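Have the structure open as you read.

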Amino acid sequence: MDALEIFNFSRYLQWSGSVIIAVACLPHFKTRGTPIKILGVYAITSIVFSLFQEISVQVFANVGINNIGNAFVFLEALLFGLLYLNATKSRKFRNLVVVTISLYCIVYLFAFLFFEHRSYSLIRTSRDLLMLLLALTYFYYLIQKLPEENLLRFPMFWINVAVIFFFSGTFFLSFMVDYLVSVLKNDLAGFWAFRNVFRFSFCLVLAYSGWLDWPAKER
Amino acid sequence: MEPSLSEFTIMFSIATMGMVVLALAIVFFVLFYQRKMLEAKLQQQKLEVENQEKMLLATLESQENERQRLSRDLHDSIGLMLSTIRVIVHARQEQQGNTATDQLKTMIDDTIDSVRRISRDLMPPSLQRFGFCQAVRDMCNQYASLSQVRVELNQTGLEVDQDKSREIMLFRIVQELVNNALKHSNSPVIRVSIHWKEMLVISVEDEGVGFNVHEKKNNGSGLGLFNMQNRAKILGATFEYENQRERGTLATVCVPIFI
């Protein structure tokens, strides 16, 4: 298998990860916690955008594929921001989420207006930083509030673990993606395949959190 | 000079591994910290519960000590003075022989009986001298003679001597149960059973109107019930009411035996 074949395989693997999240989070939708519902919407969004990218590749010869990816990055940040907004009742934490999401929107806009050549890296790096900040702050909140239950059976704990692992693991890739595209060209495929496999494990952990939230009678 | 692909791959791998290890460390720290804080909280709760139990025990012990003192004072002081007054009145009656003195003697006799009964109820002498079972037997006989209710006692197994403070608490539980049955059940018979086996099983049964335990607890009128449950808790005993019966109530207390 060459790098491109591995990359293609990893693409479908990451797509299946989104399907697994959808299967774990969408059934019994009305009875689920709000963060899990948002996770379900995120899974659907991911599947839809992956579909758009596939159509762009197969039908339109990669036209607009970067724009689709960039739009998904923005939606992903918004959805996770919304997830964290509904994760706690802490006013300070919620204010932090609102402020950081607003800042991200400004950075996103500025990236395309003033830093077009580095926009790809900029929007992804700032998204990763945003996610890491929210995840670390949520862990701090958990330490302060100390829920009585076993943390390992707490769905938001696993969502946070997934976020902190995935976005820290892909941070350097996001930071250097413009450079990699211009210098490595097709050799980037190997790095992106690694990122896709990493995303697949991210999806598995998110799906586990959805399973923990499954109504006990039905589990 | 641009790094080669392999150099870049190594740098990228090290940087990514570093970030992942940092993330792992943060997650483990959170788990470890949360576990430690929960353990500390549980330990504190345990200490609070132990403290409360000690305070409860101290309160009950001081209550019993006070009852004992009152019983002794009533018997030794007031009882003695009344007996002395009776002797003087009797002597006067023999000298003067009138009906007013007869009435006075009767009143003094009644007062002496009341004082003795109150003293006995506060701290039965048989409980101190002969132990729990004899004290319950005497109590049943006394209640049977004073009321129209049949109070029956059935004891099986070999009695095991317990610590005096435990015997007093057991006696108070039985006393409260029998008193409640007498006051509220309208039952023609009350059966007290004491079974000495691996555990001491005490039951008090009546055939009266029954009552709703949860209603008593919820409307705050179950102070006697509350005291019994506290005593049972200190003894390490289980305390159950069975009132889903055709008639009446059955209260059962299972007490571990400590030699």
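## Helices α5 and α6 of chain A

Start with helix α5 (residues 119–145) of chain A and α6(A): their axes come within 9 Å and cross at roughly 145°. Here axes are lines fitted to C-alpha atoms, for helices over the stretch in contact, and angles run from 0 to 180 degrees between N-to-C directions. Helices (H or I, at least four residues) and strands (E, at least two) are DSSP runs, numbered from the N terminus. The crossing of α5(A) and α6(A) is left-handed; that label applies if the near helix is turned anticlockwise from the far one by less than a right angle, and right-handed applies if clockwise.

On the α5(A) side, the residues that meet α6(A) are Asp128(A), Met131(A), Leu132(A), Ala135(A), Tyr138(A), Phe139(A) and Leu142(A). Their partners in α6(A) are Phe157(A), Asn160(A), Val163(A), Ile164(A), Phe167(A) and Ser168(A). Contact means C-beta atoms, placed from the backbone, within 7 Å. By type, this contact has 10 nonpolar, 2 polar and 1 charged (Ala, Val, Leu, Ile, Met, Phe, Trp, Tyr, Cys and Pro count as nonpolar, Asp, Glu, Lys and Arg as charged, and the others, Gly among them, as polar).

## A note on the model

This is a predicted model, where local features need pLDDT of at least 70 and side-chain atom pairs count only at pLDDT 80 or more, while totals for chains, interfaces and linings use all residues. Residues are numbered from 1 along each chain as its sequence is written, and chains are lettered from A and ligands numbered from 1 in the order in which they are written.

## Where chain A meets chain B

The contact between the chains draws 17 residues from chain B and 15 residues from chain A. On the chain B side, that's 14 nonpolar, 2 polar and 1 charged.

Helix α6 (residues 155–169) of chain A also packs on helix α1 (residues 5–96) of chain B, at an angle of about 160° and with the axes 8 Å apart. α6(A) and α1(B) are therefore roughly antiparallel (angles over 145 degrees; under 35 is roughly parallel, 65 to 115 roughly perpendicular and the rest oblique). Their crossing is right-handed. α6(A) brings Val161(A), Ile164(A), Phe165(A), Ser168(A) and Gly169(A), and the α1(B) residues include Met19(B), Leu22(B) and Ile26(B). The tally for this contact is 9 nonpolar, 3 polar and no charged.

## The nonpolar cores

Which residues touch the most other members of the largest nonpolar core? Of its 57 residues, they are Ile21(A), Leu39(A), Ala162(A), Val163(A), Ile164(A) and Leu206(A). A core is a set of buried Ala, Val, Leu, Ile, Met, Phe, Trp, Tyr and Cys residues joined through C-beta atoms within 7 Å. Buried means 20 or more other C-beta atoms within 10 Å of a residue's own, exposed means 12 or fewer, and partly exposed is in between, with C-beta atoms placed from the backbone.

α6(A) supplies the largest share of this core, 11 residues. Val163(A) touches Phe80(A), Met131(A) and Ala135(A), not counting residues up to four places away in sequence. Another core, of 29 residues, lies apart from it, with Met123(B), Val136(B), Leu177(B) and Val255(B) among them.

## Two residues to look up

Gln53(A) sits in helix α2 (residues 34–58) of chain A and counts as partly exposed, with 19 C-beta neighbours inside 10 Å. Ile65(A) is 12 residues away along the chain, with 5.7 Å between the C-alpha atoms.

Asp163(B) is in the loop between β1 (150–156) and α5 (164–184) of chain B. Is Asp163(B) buried or exposed? Asp163(B) is exposed, with 10 other C-beta atoms within 10 Å.

Definitions and conventions: Two residues are in contact if their C-beta atoms, placed from the backbone, lie within 7 Å.
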